[in-house]
Amino acid sequence: MSTPLYLGLDSSTQSLKAVAIDDRLGVVAEFAVNYDADLPEFKTTGGVHRGADGLTVTSPPLLWVAALDLLFARMKEARFPFARVVAVSGSGQQHGSVFFRQGARTTLAGLKATAPLRDQLKDAFAIGASPVWMDSSTTRQCLALETALGCPQAVADLTGSRAYERFTGNQIAKLAKAEPAGYEATERITLVSSFVASLLIGDYAPIDVSDGSGMNLLDIRRKAWAPRALAATAPGLDARLGAPTASHATIGRIHPYYVGRYGFATTCQVVAFSGDNPCSLAGLRLQEPGDVAISLGTSDTMFGALREPRPSASEGHIFASPVDPDGYMAMIVYKNGSLTREAIRDAVAEGSWSRFEALLAKGVPGNGGSIGFYYKEPEITPPVLKTGTHRFGPDGRPCTAFAPEAEVRAVVEGQFLSMRLHSGNVGLKPVQILATGGASANRSILQVMSNVFGVPVFTATQPNSAALGAAYRALHGWTCAAQGRFVPFAEVMKAAPPFTRAAMPDTKANAVYTAMLPVYAKLEKSIG
Ligand code: 5FX
């Protein structure tokens, strides 16, 4: 008998991807659909539509529906063995929402394999433009929520984050006022993750607690909707959201539509879908407190597993863990990542990474006391709206320029000192770090990372960590269901290949950074 497969889908901003793994956790197949290129009739750019106000960003939910059929059709054409898939789970861009119209549940249940999903679901939406995470049009609603609950920290204490424009509750509050008829006609609101899960089970799929933590609506400790947040957001919201579910829960079997059209087995289980960041945490197998990942991309992100939530109004987000019903994850996002490093590379290292590395090697850990803050973009962590560069000499006084080797070191050290400072404030204490993203190919940068945090740094080579994490979660949920108990995620991940060690900390250098941290924190405050 052929071995079982576990399928992970990732409905991201620009594409829908699939990763299939076998029970030894090896990746056996990968497929993708790009929204702009493959479904041009939806006229998206980067998978979205931008409003004239420059703040509103939406996607048509029917695009995500069409993409699912197109992805499966491509897999069928490539003779992907759907019949061997015993469980599917998925990842979705966080915060986006879909508004199902009254009666859509019946439509979902009655899907016929003979016609494409998009034909059968074209009238299923009460609001045709789904807000996505890039939307920042809800400042008014954020202020209203913070006022209703007392202050930003009160919202963070309850829901894991202060009120953020892209968080779903604030988007719902806006739409309930702006499109009252659409809101009134809404039977169920899903996240992008639970939306795709709904398509698969042919019913309204519950929102999992991990992705649900990105809504400013979930009480992250009780893992239930927070009545005060619901009341401050929109009328009749409880019924429209349905009850949240544990992330490892099996939520149903795949609908006969997929059996008839693509050849899935009737027994194929669907495990709750979750957000892309929670799924990346699973994909990078960060399950123990102290397991931390730093993604060095266009924007830098640091996230990791936590035992106790310690939400902060000014730093990042706390989500319920997607792999441990008693755990949490923290996530901190930086706007100034690779583009800022590249700007310094271009300014002082002739656009060359090897020159950049040579300059980095010329200096010493701690940069002789020179510290720089490089805000090429308005920064999220800490919140800094005004762009600009701030340099301080060893005496703590502002200065206008650094020598090239000091400039290169200042940008790299500054970014990691900021991560150490702010991640510490939300309770992340790295024991080891997994570096991902484009800039993780640069060994000298990873050595500074290792020295600043004083822990070993590893690298993960498998791209698409969210889709892979969804496949891992499919296996995890399936295993829990098969054994009738919660099986620790680590147990299920035992067969996974080890990560590659890229840097070991230098104790002396680490001591320099530890001494530097309070100075860095003070200077950061002085310019904020
Ligand atoms: C997280 O809070 C975000 O807004 C983004 O990382 C989206 O999840 C991207 F899909």
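**Figure 1. Lining of the largest cavity in the predicted model.** The residues that line this cavity number 17, and those nearest its centre are Tyr-374, Tyr-375, Gly-414, Gln-415 and Tyr-520. The space inside the largest cavity comes to about 140 Å³. Sorted by class, its lining has eight nonpolar, seven polar and two charged residues.

**Figure 2. Secondary-structure elements around the largest cavity.** At least two lining residues are supplied by each of strand 20 (371-375), helix 17 (404-425) and helix 21 (507-527). Which element gives the largest share of the lining? Helix 17 does, with five residues.

**Figure 3. The second largest cavity.**

**Figure 4. The shell of residues around the ligand.** Thr-13, Gln-93, Gln-94, His-95, Trp-133, Arg-166, Asp-276, Asn-277 and Met-331 surround the ligand. By class, this shell comprises two nonpolar, five polar and two charged residues.

**Figure 5. Polar atoms of the protein and oxygen atoms of the ligand.** Which residue places a backbone N or O atom 3.1 Å from an oxygen atom of the ligand? That residue is Gln-94. Arg-166 contributes through its side chain, where a polar atom lies 2.8 Å from a ligand oxygen atom. For Asn-277, an N or O atom of the side chain is 3.1 Å from an oxygen atom of the ligand. The ligand taken alone exposes 290 Å², and 87% of that is buried by the protein.

**Figure 6. Domain assignment of the protein chain.** Domain 1 covers 5-279. Domain 2 is made of two segments, 338-459 and 503-527. Taken over C-alpha atoms, the centres of domain 1 and domain 2 are 36 Å apart.

**Figure 7. The cis peptide bond between Thr-381 and Pro-382.** Omega for the bond joining Thr-381 and Pro-382 is about -10°. Where does Pro-382 lie? Pro-382 is found in the loop that runs between strand 20 and strand 21 (388-392).

**Figure 8. Leu-25 and its positive phi.** Leu-25 is not a glycine, yet its phi is positive, at about 70°. The loop that holds Leu-25 lies between strand 2 (15-22) and strand 3 (27-34).

Note on methods: Residues are numbered from 1 along each chain as its sequence is written. This is a predicted model: local features need pLDDT of at least 70, side-chain atom pairs count only at pLDDT 80 or more; totals for chains, interfaces and linings use all residues. Side-chain values use heavy atoms; hydrogens and water are left out. A residue is near a molecule or strand if one of its heavy atoms lies within 4 Å of it. A polar contact is a pair of N or O atoms within 3.5 Å; within protein, one must be able to donate a hydrogen and the other to accept it, and residues adjacent in sequence count only if both atoms are side-chain atoms. Accessible areas come from the Shrake-Rupley method with a 1.4 Å probe; for residues, only the protein chains shown count as cover. Ala, Val, Leu, Ile, Met, Phe, Trp, Tyr, Cys and Pro count as nonpolar, Asp, Glu, Lys and Arg as charged, and the others, Gly among them, as polar. Domain bounds come from an automatic or database domain assignment. On a 1 Å grid over the protein atoms alone, a cavity is a set of points where a 1.4 Å probe fits but cannot get out, and a pocket is an open set with protein on both sides within 12 Å along at least five of seven lines; lining residues have an atom within 4 Å of a point. Grid points are joined across faces, edges and corners, and a volume is the space filled by probe spheres set on the points. Helices (H or I, at least four residues) and strands (E, at least two) are DSSP runs, numbered from the N terminus.
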